[in-house]
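Here's a quick briefing to read alongside the structure. Take a look at the picture first, then work through the points below.

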Amino acid sequence: MRKPWYSIFYVKSPIAKIGLGILAVLAGIVLVLFLMATENKRMDAQTASWEGRSIEKGASLFIANCASCHGLDGKGLPVVAPALNSRYFFSQRIDDVGFTGSLKQYVKGTIHSGRPSKVSTQWVNIMPTWSNQVGGPLREDQVDQLVDFVLNWEEEAMAQTPEEDPWQFFQDSLSKQLPYSPDEPGYDEKVAEAIAAAEAAGAVGYEIGGVAAEAPTEGEGDAAAGPRAPEDLFASLGCAGCHNINADQTDESKGPVGPNLGNLADHAGSRVDGEDAETYVHQSIVDPGAFVVPGYMNGVMPQNFADQMSEDEIQGLVEWLLSH
Ligand code: HEC
Ligand code: HEC
């Protein structure tokens with residue numbers, strides 16, 4: 001009888017059989033080790049990109065909600081809010097206030113709950129409450145993204161000399177302003193730098209030194225993605241930085257920057273003769289100067305929201321504000 005062609009694979013010797021078996025097991029182990037090693041690398045890369053995305057999202061949230069007080073570069077604004085992008089903040093601050101946890105916990109706690117009572121009388125406003133768990137406008141994951149973003153300044157801040165530390169700057173002299181006034185040397189560069197940072201972070205409609213940041217081309221009123229949800233617009237366009245949606249506007253309770261919007265529906269229809277609530281709120285968003293709420297300043301609310309939202313999105317926001 002002829003042997004089949006694959007008989008060349010027959011192994012007769014029992015020793016050779018055992019040897020082959022061991023080889024196969026070893027090869028299996030090597031393969032598993034190799035996969036484990038590459039998987040770790042893959043996971044690391046994924047963690048890094050996940051953290052990077054969190055910082056990126058934090059950056060847009062910061063520009064929309066925090067930059068008006070803390071400055072676009074986090075270096076604070078005289079009389080308005082302290083520097084966070086500061087060597088002192090990263091190396092000394094929590095010791096000085098007697099906080100025993102980590103800086104991360106300190107930053108998270110401050111953003112989450114705000115500082116309802118002023119620690120220092122140096123600032124005109126209080127630090128608002130941000131987490132929606134305690135009545136603020138942001139979700140907890142957004143608070144975490146902001147924490148990541150603020151802590152991301154550590155390397156830059158620790159490279160500052162004591163003289164460069166913007167925090168020190170405030171302590172030395174409140175009259176010495178950062179170069180945010182057009183008369184200061186370095187003002188033009190500062191503005192160009194701030195605009196570049198805003199654009200890199202995808203900011204929309206921020207005016208710095210009278211120059212509007214370019215609107216990014218993607219993500220904005222994206223037809224394919226459909227209109228953005230009103231509550232997201234309220235956070236991402238910075239409305240939440242100036243308006244409290246969870247508090248009522250009364251003679252006793254006023255918003256620190258813009259009117260509280262909790263009870264907007266009660267008075268929106270009677271603000272302007274001949275304008276119903278929808279018309280009035282729509283106009284308040286696209287043309288805030290048309291009617292200035294008594295007790296507030298004209299020109300504070302950005303004038304270019306009509307360019308930043310589609311008509312559908314504005315309509316959605318109007319309905320949401322009136323039904324909230
Ligand atoms: C209306 C102005 C204002 C806005 C908007 C604002 N802050 Fe503040 N923030 C302050 C003031 C004022 C303080 C100092 C409070 C104090 O010490 O009494 C402060 C303090 C802080 C601190 C602690 C600083 C320290 O050294 O103790 C952090 C962190 C912080 N803010 C982060 C943020 C973030 C993130 C946002 C945006 C979500 C934000 N702030 C929005 C005014 C503001
Ligand atoms: C930099 C601060 C600031 C930002 C950001 C801001 N507002 Fe305002 N807003 C104000 C001020 C100040 C007023 C009152 C003066 C006025 O009527 O123009 C106001 C008025 C309003 C009113 C009229 C309220 C009333 O009681 O009649 C509405 C509605 C409103 N804003 C909605 C929004 C929405 C929606 C956004 C985001 C798309 C927004 N605002 C962003 C500061 C701001």
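Let's start with Leu146, which sits in helix H6. Keep in mind that this model is predicted.

- Is Leu146 buried or exposed? Leu146 counts as buried because 25 other C-beta atoms lie within 10 Å, and the cut-off for being buried is 20 or more.
- Which residues does Leu146 touch, once you skip its neighbours within four places in sequence? Leu146 is in contact with Gly58, Leu61, Phe62 and Ile111.
- Sequence distance and spatial distance tell you separate things here: Leu146 and Ser60 are 86 residues apart in sequence, yet their C-alpha atoms are 9.0 Å apart in space.

**Helix H6**
- Helix H6 covers residues 140–151, so count twelve residues if you trace along it.
- From its first C-alpha to its last, H6 reaches 17 Å, which is close to the expected 16 Å.

**The protein chain**
- Zoom out, and you'll find 14 helices and two strands in the protein chain.
- The protein chain has 324 residues, and 27% of them are buried.
- Of the contacts with a separation of 6 or more, 53% link residues 24 or more positions apart.

Definitions and conventions:
Residues numbered from 1 in each chain as written. Chains lettered and ligands numbered in written order. Predicted model: local features only at pLDDT ≥ 70, side-chain atom pairs only at ≥ 80, totals over all residues. Helix = DSSP H or I, 4+ residues; strand = E, 2+ residues; numbered from the N terminus. Expected span 1.5 Å × (residues − 1). Buried ≥ 20, exposed ≤ 12 C-beta atoms within 10 Å, placed from the backbone. Contact = placed C-beta atoms within 7 Å.
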